[in-house]
Amino acid sequence: MTVYDAIVVGMGPGGSTAARLMAATGFRVLGVDKAGFPRYKPCGGGLSARTLPHLPEEIRPQIEATIHNLRFTFRGTRSMNYRSPKPVAYMVRRPLFDQALADAAAQAGATIEYGQEVRRVSETASYAEVEMENGVCHHARFVIGADGANSRIGRQLDPRSAARPAWSLEAEAPRPTVGSTAEDEVWLDLGTVPGGYGWSFPKAGHLSIGVAGFSPVPSNPRATLAAYLKAQQPIAPDSVLTLHSHPIPAVSTALRRLASDRLLVVGDAAHLVDPFFGEGIYYAIRSGEIASQSVAAALRGETDGVAGYTDRIKAQFEEEFRLATKLATIAYRLPFLWYLAMKAWPEMTEEFYLVLRSERTYRQIIDKLRAEGGRYLVAGLRRRVKQMIL
């Protein structure tokens with residue numbers, strides 16, 4: 001019986017990162033994914049600037065746009081622009097981006113198998129067993145679950161992870177010749193989507209457009225997307241090329257059990273999504289890095305298993321997620337109030353840009369809001385009044 005050092009279930013950004021890093025250091029790694037690659041992945045394809053240092057050089061040509069500008073609206077009107085001299089984010093197409101990441105894992109020495117879904121994962125005292133839908137069983141010392149928001153391995157580790165997720169609906173459409181998103185800007189809108197936001201991201205030759213919410217799924221998500229299209233973009237609904245829905249992991253301020261003796265989860269499977277930005281790719285890649293380090297240390301006998309992985313993830317992200325949730329509660333439940341605050345205090349937008357570059361934390365932002373918010377908002381409101389009078 002062949003026993004791998006690690007089996008990675010799911011070859012998205014988190015899984016491919018873990019597989020690549022482990023294979024590159026000489027471990028025997030098998031990666032499996034139920035889809036054939038390249039496969040369509042419903043996702044806006046936005047990478048925060050902080051993601052770039054964690055990508056191998058051969059992946060960077062997949063970047064199709066570098067974002068410097070945010071156009072922010074309330075219900076499709078009252079547009080405000082916030083430009084930053086340094087990149088804020090990068091845009092990729094997920095089918096190509098994920099394929100490149102999986103190829104990098106294979107080039108590092110990982111064995112990749114596509115087109116078979118995992119039916120069962122079990123643990124023994126000596127190894128973990130992964131049974132595929134064709135009946136083949138693979139064995140490994142450890143299994144890294146990167147199987148998405150509806151993770152089988154995540155539910156196995158903690159049944160509470162089956163909680164109802166947030167929601168998203170995404171479309172692709174040709175870039176209109178008039179009123180289109182510029183090559184280096186994204187559009188974000190509050191107020192059109194109850195409890196959430198709408199977005200327009202530029203790609204090579206088209207736009208990625210979507211709506212997402214952190215409240216219960218509306219009775220007609222397509223109508224919500226149509227309302228956003230009508231308010232925000234000069235795009236006829238019948239020009240939309242594709243339409244896909246997908247879950248966003250339910251974000252909790254207290255991260256759950258993410259590892260057992262031989263199993264651990266990363267990315268969406270671990271519910272690692274920024275509650276404010278809705279960003280997941282950065283956390284998938286970072287948790288894939290941490291998972292590979294935890295498994296490698298256990299294989300070398302430096303640690304007693306991977307149970308400490310949960311604590312490492314919590315130390316990295318739990319406090320920031322808790323604070324981001326507070327900001328998200330205000331922004332998405334009281335969108336007009338948030339809009340007015342941004343209008344009155346435009347300097348604060350750069351603070352959030354710094355979060356996307358890992359140059360600021362949510363703790364620092366909240367401390368700044370508490371210390372200076374009142375003064376800046378009053379000054380901003382005074383400026384607005386003068387503008388209206390003059």
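This is a predicted model: local features need pLDDT of at least 70, side-chain atom pairs count only at pLDDT 80 or more; totals for chains, interfaces and linings use all residues.
Figure 1. The side chains of Arg322 and Glu319 meet in a salt bridge, with an N to O distance of 2.7 Å. Because Arg322 and Glu319 lie three residues apart in helix α6, about one helical turn separates them. Both ends of the pair are partly exposed, Arg322 with a relative accessible area of 28% and Glu319 with one of 38%.

**Figure 2. The largest nonpolar core and the surroundings of Ile144.** The largest nonpolar core of the chain holds 53 residues, and those with the most contacts inside it are Ile144, Val295 and Tyr309. Helix α5, residues 281-299, contributes the largest share of this core, eight residues. Leaving aside residues up to four places away in sequence, Ile144 touches Ile7, Val8, Val9, Ala18, Met22, Leu264, Val266, Ala291 and Val295. Apart from this core lies another, of 35 residues, among them Ile67, Phe72, Met348 and Tyr353. In soluble globular proteins, nonpolar side chains tend to be buried together.

**Figure 3. Helix α5 and the glycine that follows it.** Helix α5 has 19 residues and reaches 27 Å from its first C-alpha to its last, close to the 27 Å expected at 1.5 Å a residue. The helix is mostly covered, with 18 of its 19 residues buried. Just after α5, Gly301 takes a positive phi of about 80°.

**Figure 4. Glu279, a buried acidic residue in a loop.** Glu279 is found in the loop between β17 (263-265) and α5. With a relative accessibility of 8%, Glu279 counts as buried, because it falls under the 20% limit. When residues up to four places away in sequence are not counted, Glu279 touches Ser48, Arg50, Thr51, Leu272, Val273, Asp274 and Leu356.

**Figure 5. Tyr40 and its approach to Pro95.** Tyr40 has its place in the loop between β2 (29-33) and β3 (46-48), and at 30% relative accessibility Tyr40 counts as partly exposed. Although Tyr40 and Pro95 are 55 residues apart along the chain, their C-alpha atoms are separated by 5.2 Å.

**Figure 6. Further salt bridges in the structure.** A search of the whole structure finds 20 salt bridges, and some of them are described here. Glu57 forms a salt bridge with Arg60, in which the closest N and O atoms are 3.4 Å apart; Glu57 is exposed, with a relative accessible area of 55%, whereas Arg60 counts as partly exposed at 28% relative accessibility. The side chains of Arg357 and Glu350 also meet in a salt bridge, at 3.0 Å from N to O. Within that pair, Arg357 counts as buried at 10% relative accessibility, while Glu350, at 27%, counts as partly exposed. Elsewhere, Arg119, Arg120, Glu129 and Glu131 are linked in a network of salt bridges.

**Figure 7. The chain as a whole, for orientation among the close-up views.** The secondary structure of the chain comes to nine helices and 17 strands. Of the 390 residues in the chain, 54% are buried. Among contacts between residues at least 6 apart in sequence, 73% join residues at least 24 apart. The chain exposes about 16,700 Å², of which carbon and sulfur atoms supply 53%.

Methods: Residues are numbered from 1 along each chain as its sequence is written. Side-chain values use heavy atoms; hydrogens and water are left out. A nonpolar core is a set of buried Ala, Val, Leu, Ile, Met, Phe, Trp, Tyr and Cys residues joined through side-chain atoms within 4.5 Å. Buried means under 20% relative accessible area, exposed over 50%, partly exposed in between (1.4 Å probe, protein chains only). Helices (H or I, at least four residues) and strands (E, at least two) are DSSP runs, numbered from the N terminus. Contact means heavy atoms within 4.5 Å. Accessible areas come from the Shrake-Rupley method with a 1.4 Å probe; for residues, only the protein chains shown count as cover. A salt bridge is a side-chain nitrogen of Lys or Arg within 4 Å of a carboxyl oxygen of Asp or Glu. The expected span of a helix is 1.5 Å times one less than its number of residues.
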